[in-house]
Every structure is written in C-alpha cells, then in structure tokens.
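Open the model in your viewer and keep the selection panel at hand.

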Amino acid sequence: MVGSVIVHNNVIIGEGWHYQAGQPHAEVNAINSVKDKTLLKEATIYVSLEPCSHFGKTPPCANLIIEHQIPNVVIGCVDSFSEVSGKGIEKLKHNGCNVILGVLEEECLKLNKRFFTFHNKKRPYIILKWAESTDGFIAPINNSEITWITNTYSRQLVHKLRTEEQAILIGTNTAITDNPKLDARSWKGHNPVRIILDRTLKVSTNNHIFDGNTKTIVLTEVEKQSSENLFFEVIKFSKNITSEICDVLHKHQLQSVIIEGGSKILQSFIDTNLWDESHIFKGSSVFTNGIKSPHFSGQIIQSKNIKEDILTIYNNESISAMHANEL
C-alpha cells in the first residue's frame, strides 16, 4: 500500500496511490494526474515507500521520476524487498535528485507491516483472534455444537477482518464441530485463503471448507494429491509446528493470516512468540466453566464497545521492538 503526492510551490498538483499488485504504482498515478507536466521540473514528489528501481510487473518508478526531472524526492521509508532495498534511492541520487528519507517513517512502516514482516521475517503477519465469555472461556464444556459468544455486530466485524487479511487458519476440531465456511459473506470483499490443520485427514470432504469456492490448504501428515484450489501440504505435527505452518504460508506467498483455531493452536503461537496482533472479542455471556481462553501478554492498541461486547486489540511488544531495530 503506497501513496504519493506531488507539490509545486506549496500547491498539490498531483496525487496517486497503488490500487493493487500488477497495476501502476503510486508514483506513476501521481505523475499521470499532473495536468501541466512542465511543472514537474520544479516540483517535489512525496512517496510513502522507496520508489522501485527494477522491472517487475511494472516498469521502475525511479526511472520515471528521473525521466520527468523531478528534483526533490521525499521518501517515508526504505523498501526492505531485496530487489529494491536502497537501489531506488541510490539511482535517484546518482541522477541528481535531492532525496530526503525517514519522513513519518513509523507511520509508513505500519502501513505496510504485512509486507515488511513477510520479507524480513520470511513469514506472514500473524493475527490471533478469539471470542471469550465475560469469565474468560472460549467454549463451554459441552462443545459439540456452535455456541455464539458475541453478538451479530461483532461477528460482522470478524467478516470485515477476513476481507483485510490474506488467509485464515483453524484446527481439526473447529473444522469438525463448527463446519465453518471461513468466508466473508457478511461483508463485501475478498474471501481469505483457508488453512486447515488436519493431521490424519479426519475432516469430512463434505464440509464447507472443501466446496472449492476458495483456495484451501490442508496441513497434514498424510500424503495426498492436490487438486484445483485444494492443496495438501505435509508437515510434522511437532513442537515446531508453528514454524512449519509459517514456512508453508510463506511458500504460498501469503503475507498475513488470522489464527482462529481452538485454544491449543492459539496458545502454540503465543508460546513460540509467533504473533503480531491479537483481536479478542469479549461477550456478555457467563460460562462458569469450560475451555479457558489462551494466556498471553501484550500492549493494548485499541479497545472499543460493540454494543454489549468489547473488542480489544493487542500488539506483541517484543515483536514490535525487534521490527523497529531491524528496520
């Protein structure tokens, strides 16, 4: 996600942003929006991410800036992608551009936290999500059927979250008990790639997750032939399962994932410190006993009421600190 603004004598003369992969980058759209191109030779272009210098799905943006002789370039943050990382800045400087770095850098890094995590950590940006009762249970003892903990509005917000991330993961028991579709039917947008942990392939092929409507990846110990939109990936269900999961998701080019599994898989990601955010929905129901919610600690970055429910979003402080040091 990249934005760009072009300014001449303190007046904005062009704006642009990157709509989606494969389409023109923000700088291209901003330059194309300028009516009088002669002003570009006296202008400043602001861009939230370092302009690319390589031929990928689109031509290099650094070349375009140089071609139009834009003298001043203000860059929010450096692109850590190996094909770019500093090369765009170097090319601009080599061709006489005055380059200023690090303006609103923290905000620019947060804007592309998924992208940076994927390229720097070789794993997706991981969001843990669960709903819990007022007294801290994610399910009652008798968990043989779906028990709604939160209200309709909270569940709609979960579907919105699904449209914003690339994948969603659940475990075997959740797949069998809830028979979920894992789609975003209550919100307009793309459905996430579905990831199922199924060690011995216990989940029935009649379940919704095998309807073929969305790309689905089954993580298992059983060798099985993949088919269109359905992929079987063999992993070891060991102490390092979270790391193996991340490797598979990285292989499939997935930059973000929501972990919606049961308490065990959620706790596994917490215990191995492989998570970036947690979204916890607290409903008004009281269970007294049941399956306890995962135990973790994090920094609250947002908390809001959804009628009688409360949504609290946490940051993994240790991961955030490591990202800041690396970037």
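Predicted model: local features only at pLDDT ≥ 70, side-chain atom pairs only at ≥ 80, totals over all residues.

To find the centre, select Met1, His18, Gln20, Ala21 and Gln255, the closest to it of the 43 lining residues. Next, show α5 (113-121) and α6 (152-164), the elements that each give two or more residues to this lining. The largest share, five residues, comes from α5.

Now move to strand β9. Select residues 193-197. Is the strand buried or exposed? Five of its five residues are buried, so β9 is largely enclosed by the rest of the structure. Show the side chains. In a regular strand they alternate between the two faces of the sheet. Here Val193, Ile195 and Leu197 point one way, while Arg194 and Ile196 point the other way. Note that Arg194 is buried too.

On one pairing, select β8, residues 167-170. It runs parallel to β9 and is joined to it by four bridges. Then bring in helix α7, residues 172-178: β8, α7 and β9 form a right-handed β-α-β unit.

For the other pairing, select β10, residues 216-220. β9 and β10 also run parallel, again with four bridges. Finish at Arg194, which stands opposite Thr216 in β10.

Methods: Residues numbered from 1 in each chain as written. Heavy atoms only, no water. 1 Å grid on protein atoms, 1.4 Å probe; cavity = no way out; pocket = protein on both sides within 12 Å on 5 of 7 lines; lining within 4 Å. Buried < 20%, exposed > 50% of the residue type's maximum accessible area, 1.4 Å probe, protein only. Pairing = 2+ DSSP bridges. Right-handed = clockwise from strand over helix to strand, strands pointing away.
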